[in-house]
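Work through the exercises below with the sequence and the coordinates open. Each task is followed by a solution in steps.

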Amino acid sequence: MESQATLAVPDHAAEPLKAPPSGHGMPPDAVLRQRIAVEYRYDVHFTHGAFAAENRTLADVLAQDHGTGPHRVYVVVEEQVRDSWPGLVSDIRAYARAHAAQFSLAADPLIARGGEEAKNRPELVAQVQASLNDAGIDRHSYVLCIGGGALQDAVGFAAATAHRGVRMVRLPTTVLAQNDSGVGVKNAINAFGKKNFLGTFAPPFAVINDARFLETLPPRERVAGMSEAVKVALIRDAEFFGWLRRNSRALSAGDAGALQYLIRRCAELHLRHIGTSGDPFEFGSARPLDFGHWAAHRLESMTGYRLRHGEAVAIGMAIDTLYSELAGYLAPGTAGAVLGLLRDLGLPLWDEALREEDAVLRGLEEFREHLGGELTVTLLRGIGQGFEVHRMDERLVRRAIHQLDPARAA
Ligand SMILES: NC(=O)c1ccc[n+]([C@@H]2O[C@H](COP(=O)([O-])OP(=O)(O)OC[C@H]3O[C@@H](n4cnc5c(N)ncnc54)[C@H](O)[C@@H]3O)[C@@H](O)[C@H]2O)c1
Ligand SMILES: [Zn+2]
């Protein structure tokens, strides 16, 4: 899968400086116009067993720049992934020996604690930056990060700021990171009580999605990651939504084949959006892929990250889908099908934090502030048809929340 992104810039070009007319000085006011277009290309590979000696995916990625090898690679491994795969670090060493022409370990792999905690403090970013300095990593070396979306975000931020950006190869190990966060162009850590407050837009050098790592992912994490596939189906692809409904039983049971299709289609739709939306670095006020996310981000922080990101997104989508129906955008009965799919996949539609309605509603202002400009929320006018509004009716948001409350339904 290949993504192309072009940075949108105003349509003007640098003009040559004219010599001043003789006898006169330079005019006091002037403007020198600048235009820069930067193209990024990166591939998202799907494989199984990336560190088996005969698997050439990683070695080929490292050699992709046609530079003279071996390429120095600084490896970061999530502690939980190392614990789930006790042979992993020795497999990485053996892989480097087997592909010595392309791959040289710049230092012993760093084992780092992942999960949201990795993003809640600046220590990990500082530690990775210091290690990249100690290992003499330059802009033609690589950082290879093996772990979930949270670790990818923190290590990605460190890699993007060392030498103003060293090459980052992501090897995401969760469903969410393989189908959404790991294939995108952003990184961040949390700061000042705000999610993703410090971060950069930095496309990866490459992404390697290894299906094998998903075998040890706890079921709760696997299910949570599927939420982003429902999201992208709802706003972009009715056919995919139908496929998800037909396969919800296999998916909730952890069928590996069904899960692979879900991940690839979801990753493809995310890449297509980033590559073709015209705003990959989010200069505008809209973030169409963030359907259900205004409430989700708020619920994550209100629950101290007890709710997984995907779980919070499921609840946020339930609210915004019901809202779309209550506001008359969505045909009556459509919301029932959406909520049914989320439920069938094993995703939550309710959390007790929703009882603090005023606190939840503050999520709308936080969402606006994160993007800047005008509030822009994606809603649905049909399955596969997201559209944007700039105002949310608080009474209808409260009614949508009430409809999800099991205590009111009883
Ligand atoms: N950069 C972006 O564009 C973007 C987009 C969406 C989400 N995100 C971020 O991604 C993060 C969530 O990522 P996530 O859902 O991958 O969660 P996560 O990184 O917190 O991982 C979830 C849990 O699974 C464990 N784990 C990871 N891989 C495993 C494996 N193979 N086997 C066993 N356990 C494993 C981790 O240790 C952790 O406990 C959030 O911080 C969210 O903000 C970023
Ligand atoms: Zn998300």
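**Exercise 1. The shell around the ligand**

Find which of the 28 residues around ligand 1 come nearest, and state which helices supply at least two residues of the shell.

Solution. The model is a predicted one.

Step 1. Ligand 1 has 28 residues around it, and those that come nearest are Gln80, Gly148, Gly149, Thr174 and Ser181.

Step 2. Four helices each supply at least two shell residues: H2 (79–84), H6 (149–161), H7 (175–179) and H8 (219–236). Of these, H6 gives the most, with four residues.

Step 3. Sorted by class, the shell around ligand 1 holds 14 polar, seven charged and seven nonpolar residues.

**Exercise 2. Strand S3 and its partners**

For strand S3 (residues 71–78), decide how many residues are buried, then list its pairings with S4, S5 and S6.

Solution. 

Step 1. Count a residue as buried if 20 or more other C-beta atoms lie within 10 Å of its own. By this cut-off seven of the eight residues of S3 are buried, and the strand is mostly covered.

Step 2. S3 runs parallel to S4 (residues 103–105), joined by three bridges. Within this pair, Leu105 of S4 stands opposite Val73.

Step 3. With S5 (residues 110–112), S3 also runs parallel, over three bridges. Here Val76 has Leu110 as its bridge partner.

Step 4. The pairing of S3 with S6 (residues 142–147) is parallel and has five bridges. Tyr142 in S6 is the bridge partner of Val73.

**Exercise 3. The protein as a whole**

Solution. 

Step 1. The C-alpha trace spans about 75 × 70 × 40 Å along the principal axes.

Step 2. Buried residues account for 43% of the 410 residues.

Step 3. Take the contacts between residues at least 6 apart in sequence: 77% of them join residues at least 24 apart.

Notes
Residues are numbered from 1 along each chain as its sequence is written. Chains are lettered from A and ligands numbered from 1 in the order in which they are written. This is a predicted model: local features need pLDDT of at least 70, side-chain atom pairs count only at pLDDT 80 or more; totals for chains, interfaces and linings use all residues. A residue is near a molecule or strand if its C-beta atom, placed from the backbone, lies within 6 Å of it. Ala, Val, Leu, Ile, Met, Phe, Trp, Tyr, Cys and Pro count as nonpolar, Asp, Glu, Lys and Arg as charged, and the others, Gly among them, as polar. A residue is buried if 20 or more other C-beta atoms lie within 10 Å of its own, exposed if 12 or fewer, and partly exposed in between; C-beta atoms are placed from the backbone. Two strands pair if DSSP finds at least two bridges between them. Two residues are in contact if their C-beta atoms, placed from the backbone, lie within 7 Å.
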